[in-house]
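Have the viewer open and follow along.

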Amino acid sequence: MSSIIRLLPDHVANQIAAGEVVQRPASVVKELLENAVDAGATIIKLVIKDAGKTLIQVIDNGKGMNETDARLCFERHATSKIAIAEDLFKLQTKGFRGEALASIAAIAHVELKTKQADAELGTHVIIEGNKIVSQEVAVVPDGTSFIVKNLFYNIPARRNFLKSDTVEFRHVIDEFERVALAHNNIQFVLINNGSEMFNLPASNFRQRIVNVFGGKTNEKLVPVQETTEIIEISGFVAKPEYAKKSRGEQFFFVNDRFIKSGFLHHAVTAAFEGLLKEGTHPSYFLYLTLPPNSIDINIHPTKTEIKFDDEQALYAILRATIKHSLGQFQVAPVLDFQRDETLDTPYALENSKSVEPTVQVDAGFNPFLDTDVKLGSYEYQKNNRSYEDVFSSKSSGSSKSFNSGGLSSKMNTSSFPFYTKNTEVSSSWETLYDGIKPATEDILIAQGHTFESEVKTAALFEMDDTERSVKNQSYQIQKKYIVSPIKSGMIIIDQRRAHQRILYERYLESLSLQNNSSQQLLFPLTLYYATFEMELLKSLEKDLIQMGFLFETLDNEKIIISGIPVTISESEVSIVLEDLLNELQSEFPDEKDVLKDKIAKSLSQSLAVKTGTYLTDKEQENIVDSLFACKEPNVSPFLKPTYITMRVEDIDKKFML
């Protein structure tokens, strides 16, 4: 019997490995950027076209490769990062397996241009489907340039599973931000479809965060710093009032490598206990430095999961450090109620020396010199009258010794044993008009005008008491359900789901209309977003304008809104746009009708009345009437039932037990 086990060809093995290493264009971006960092580059440029499906190019000014290395780097398990197994526990580089370039070359058209600084000429290699098409000497600049074209060209099934360009580019941005935040000493540039999207100069950690996520991020950050025998922690957390509903701005870096850790995330969340609103998540940018032999990175092909020697100790230190920072910067209240907060020494002044204050005293200062003094209702003129002359004249009834013109002069009060000040008129001028009746009404009455004591209203059709009681028979239960009677029994409506259905159909209709009403804002509303979020808003601009939004400015960092739809209040605008961005970042449909449906669902979910909200009788009646005027009142936009009915027979059965 012939053997059935055989060795797979290299190109098949590489395609299998590529399924783990290269899942989408963002995977290629991650591997190429990390290789550029390991090469010692100080400037790295990323060029993207069609979200990486057509072109991914990474250019760096690193040390480059010679002719032999340029050919060997595309072989499986060929690497310069490690030599023996023990090197896995003292890694100082991003890559170490030697699988990335071989996997990329197996499923795309790859072009490599590289040159070392001390070489006169470089090397140009072209590979298609793991087959070397050409390799020749070329004149190229120092460093390395990788060009990856037509990703998954020989695996059409994988290409069909890719999401829309917006979603795939969101993943590319994620990988770019992670590498850029981990290496603030390197300049990064991102060019998307011919336009520069990021240009991040080398800077400190705080400035790099601000450059990536926008200028308004600076005021949100709270510094975190702690050094122990086990771990060194540095970075920033965002203030609780800036917590978001999504988990976009949460970064852990261990030895300059981005990782994901639910355990450490729980430690951060525990430090914010009692400070966050329900359903929100804190933002943080934390850099952890540990001994390389205390962690294990070789767990997953993406290298985003790490095992720690002592996770419990790391949890306790991280939680305590963040709580200390929140208290030190007066973000969270302290527990010691006897301590005076004003006596705390800020971190910036902790090591500074105290200086004894100096006080200067003017020994010759006399507060009574050059003081205006008044006698009775007249001002005394020192140079013309004496104290005895004034009062002797006053007692004799003569007024000649007083200045009848009210002349004023300066006087030394030390020469008088007493004096009287002028009495001042009360500042409450309204009291002058007490008791005076307004003449407006009397004048109008004299001219023949009459006034009604109260506004009189009348119904067009009078209802008797029975009809009125039947019409108002709707009740709210637990601020969640609306109960309304019907002929066969009663109907119980979920107020939130019903309102979602009502709003969904309204917004879907408004998106199909060309001109919708808009309310102008007295003061334009300015909102700040990250770079990718601004790109997403630009792609939604026409749809938002069609709904009633009016924009004064829509640039790479902020938007200025001058008008909003009549169905949205000004306080709800930021919530609506944030929920819409979070919804579309995970899936951005290419078809226009599907996009409109997704926008309408997002808006209805954001603006629908919340469970636990009290509704008046009129509001309950409006929801009931509007729900059954919808095309599909039975289900919400998310295919959940909006109401149930209970017949009288079903209620009777409950009492027959």
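First, the ground rules. This is a predicted model, so to speak: local features need pLDDT of at least 70, side-chain atom pairs count only at pLDDT 80 or more, and totals for chains, interfaces and linings use all residues. Residues are numbered from 1 along each chain as its sequence is written, and side-chain values use heavy atoms, with hydrogens and water left out.

Let's begin with H17. Helices here are DSSP runs (H or I, at least four residues), strands are E runs of at least two, and both are numbered from the N terminus. Axes are lines fitted to C-alpha atoms, for helices over the stretch in contact, with angles from 0 to 180 degrees between N-to-C directions.

| Helix pair | Angle | Axis distance |
|---|---|---|
| H13 and H17 | about 140 degrees | 8 Å |
| H16 and H17 | roughly 135 degrees | within 9 Å |

H13 spans residues 495–512 and H17 spans 592–607. H13 and H17 are therefore oblique to each other; angles under 35 degrees count as roughly parallel, over 145 as roughly antiparallel, 65 to 115 as roughly perpendicular and the rest as oblique. Their contact (heavy atoms within 4.5 Å) includes Leu-503 and Tyr-507 of H13 and Ile-599 and Leu-603 of H17. By class, that contact has nine nonpolar, five polar and four charged residues. Ala, Val, Leu, Ile, Met, Phe, Trp, Tyr, Cys and Pro count as nonpolar, Asp, Glu, Lys and Arg as charged, and the others, Gly among them, as polar.

H16 and H17 are oblique as well. Val-576 and Leu-580 of H16 are among the residues touching H17, whose side of the contact includes Ile-599 and Leu-603.

On a 1 Å grid over the protein atoms alone, a cavity is a set of points where a 1.4 Å probe fits but cannot get out, and a pocket is an open set with protein on both sides within 12 Å along at least five of seven lines; lining residues have an atom within 4 Å of a point.

The largest pocket comes to about 1200 Å³, a volume being the space filled by probe spheres set on the points, which are joined across faces, edges and corners. Of its 46 lining residues, His-171, Asp-174, Arg-178, Phe-258 and Lys-260 lie nearest the centre. H6 gives the most to this lining, eight residues. The pocket lining divides into 14 nonpolar, 15 polar and 17 charged.

The largest cavity holds about 30 Å³, and Thr-217, Tyr-242 and Phe-285 are among the residues lining it.
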